[in-house]
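User: I am new to this structure. Please walk me through the terms used for it, one by one.

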Amino acid sequence: MTTIASITNMRLKFPGVESLLFKDFSLSLNKGEKVLILGPSGSGKSTLLQVLTGLVPDAVEIPMKAEEKIIPESWGFLFQDPDTQFCMPYVDEEIAFVLENLQTPREQMESSIHYYLHQVGLTFDNIHTKIQTLSGGMKQRLAIASVLALEPEVLFLDEPTAMLDPKGTQSVWDTLKDIGKDKTVVIVEHKIEQIVDFVDRIILLNENGEIIADGSKRKIFDQYKHVLIEQGIWYPGVWDEYIQVNRKEFPISNKVNEKPNLHLAEFAGYREKSKKIDVKEADAYPGEWITVLGPNGAGKSTLLLGLMNLIKTKGSYYILDQNHRKIKNFSDYVSFVFQNPEFQFITNTVFDEVAYSIQLEDWSEEQVLTRVNQLLNLYQLEAHKQKHPYQLSMGQKRRLSFAAAIIKEQPILLLDEPTFGQDAKNTFAILEQLERLRLQGTTVIMVTHDLQIVNHFATKVWYISNGKLVEECSASNYTKNNQKQPAMS
């Protein structure tokens, strides 16, 4: 078999970190293989992909040494965070940038751009659209289109569908599988049920970045299931097993005589001068867990930004019977977890990021220390507390943003895809923490594409379509009426 990428006895260490991420690490990939790299959050999966392409250390300056390294001649890389991928400000220019580097004739440009956008299910009235106006899911599709335009021999895919709705996930994977059938494909992915039929080899990393198993998918899932469970890694059927062990009927309080924590009427949110979200009327009560569903680009994140006063809004918006415009300390009532955690960070260490909001309050130093360490331990961030937040993996960044958001336990908690990019162990830890807050009376409003969360944790669904709240129903009724929709792993 022809070796297409390899690394021999690699040592890699992030600046400012005492321990090595990879020590005497060796790996070889063969031409035509479909490889899935599994491991807990922070195990180095994304970094490993960047090493195998030469991005580390050639473009990303991370100290590393290796006895030998073979880099593919033709490769395309899809980053976990699509915002880090873009070189140009507009949709058409992003793909044109790739085509120009491939010396595509100018007269073929427009048709080629439309072709690659169509492959990932993106359509625009005007392809000269600002990328910054796209939803997270639409950005992810665009990033995939720009990689496909390279026509590479090797595809390195770092969670390519993390931000996509179930329909979009299925569609994009169908495309990637078709395009990749004659290529070498190396994948880091948590939603593995979509790709189990596609991959032929699984490399299993532990939390220390060591290979603990390497073989066929049957071998890994049969012989190493106990390791997957111990390490908190996703595997087929993990949700079913979790629910079987932990399932309980969540008590839902009687709302008849209660006042809502949040009330909206004729509420609208705007980006620039364009109305992007419209809610005729909606209420969110204490102890409700509302999942905000809808296709990519429907306006789900825009709704949360409006509720957080981060975009221009019109209409009636009351929080605990107070007009939101007259609330002096808005952050005492509402907390927010951004879709992109880096938008949230304001300090230079993980510890300070979690502690920031309560240090502004009348908390003693001992109380702050106890509470922050409790959350860092819960979300497996204790060993990283002196790191800069940007030094964390994407999964760790998202856990940090979550810990920082919940520390004050405000009555309303808004979350934009808090579980994407998380391993199983940390996903369930986040969901269980949210359930504890809900039972204490917190109103949880969460944008998600994971229908397992709807089925097993949510009490209510708000469904957004074309910038409007078009359905408000109980989670059980939504599940009953949409049983044929694909669930997330």
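User: Why is Leu27 called buried?

Analyst: This is a predicted model, in which local features need pLDDT of at least 70, side-chain atom pairs count only at pLDDT 80 or more, and totals for chains, interfaces and linings use all residues. Residues are numbered from 1 along each chain as its sequence is written, and side-chain values use heavy atoms, with hydrogens and water left out. Now to Leu27. Buried means under 20% relative accessible area, exposed means over 50%, and partly exposed lies in between (1.4 Å probe, protein chains only). Leu27 has a relative accessible area of 5%, so Leu27 is buried.

User: Where is Leu27, and what does Leu27 touch?

Analyst: Leu27 sits in strand S2, residues 22–30. Strands are DSSP runs of E with at least two residues; helices are runs of H or I with at least four; both are numbered from the N terminus. A contact means heavy atoms within 4.5 Å. Leaving out residues up to four places away in sequence, Leu27 touches Ala5, Ser6, Ile7, Leu48, Leu52, Arg201, Ile203, Ile211 and Asp214. Glu366 is 339 residues from Leu27 in sequence, and their C-alpha atoms are 46 Å apart.

User: How many helices and strands does the protein chain have?

Analyst: The protein chain has 16 helices and 20 strands.

User: What makes the protein chain as compact as a globular protein of that length?

Analyst: The test is the radius of gyration, taken over C-alpha atoms; the globule rule is 2.2 Å times the number of residues to the power 0.38. For 489 residues the rule gives 23 Å, and the radius of gyration of the protein chain is 23 Å, so the protein chain is as compact as a globular protein of that length. Its C-alpha trace spans about 70 × 60 × 40 Å along the principal axes. Buried residues make up 57% of the 489 residues. Of the contacts with a separation of 6 or more, 69% join residues 24 or more positions apart.

User: Why is the pair of Phe267 and Tyr317 called edge-to-face?

Analyst: Rings of Phe, Tyr and Trp (its six-membered ring) pair if their centres lie within 6.5 Å; planes under 30 degrees apart count as stacked, over 60 as edge-to-face and the rest as tilted. The whole structure holds 15 aromatic pairs. In this one, the ring centres are 5.5 Å apart and the planes stand at 75°, so the pair of Phe267 and Tyr317 is edge-to-face. Phe267 lies in strand S11 (residues 262–271) and Tyr317 in strand S14 (residues 312–319), so the pair ties together parts that are 50 residues apart in sequence. Both Phe267 and Tyr317 are buried.

User: What makes the pair of Tyr463 and Tyr478 stacked?

Analyst: The angle between the planes of Tyr463 and Tyr478 is 25°, and their centres are 6.3 Å apart. Tyr463 belongs to strand S19 (residues 460–465) and Tyr478 to helix H16 (residues 475–481), so this pair ties together parts that are 15 residues apart in sequence.

User: How do you know which of these two is buried and which is partly exposed?

Analyst: Tyr463 has a relative accessible area of 23%, so Tyr463 is partly exposed. Tyr478 has 5%, so Tyr478 is buried.

User: Which residues form one aromatic cluster?

Analyst: Trp234, Trp239, Tyr242, Trp289, Phe428 and Phe457 form one.

User: What makes Leu360 exposed?

Analyst: Leu360 has 62% relative accessibility, so Leu360 counts as exposed. Leu360 is in the loop between helix H11 (350–359) and helix H12 (365–378).
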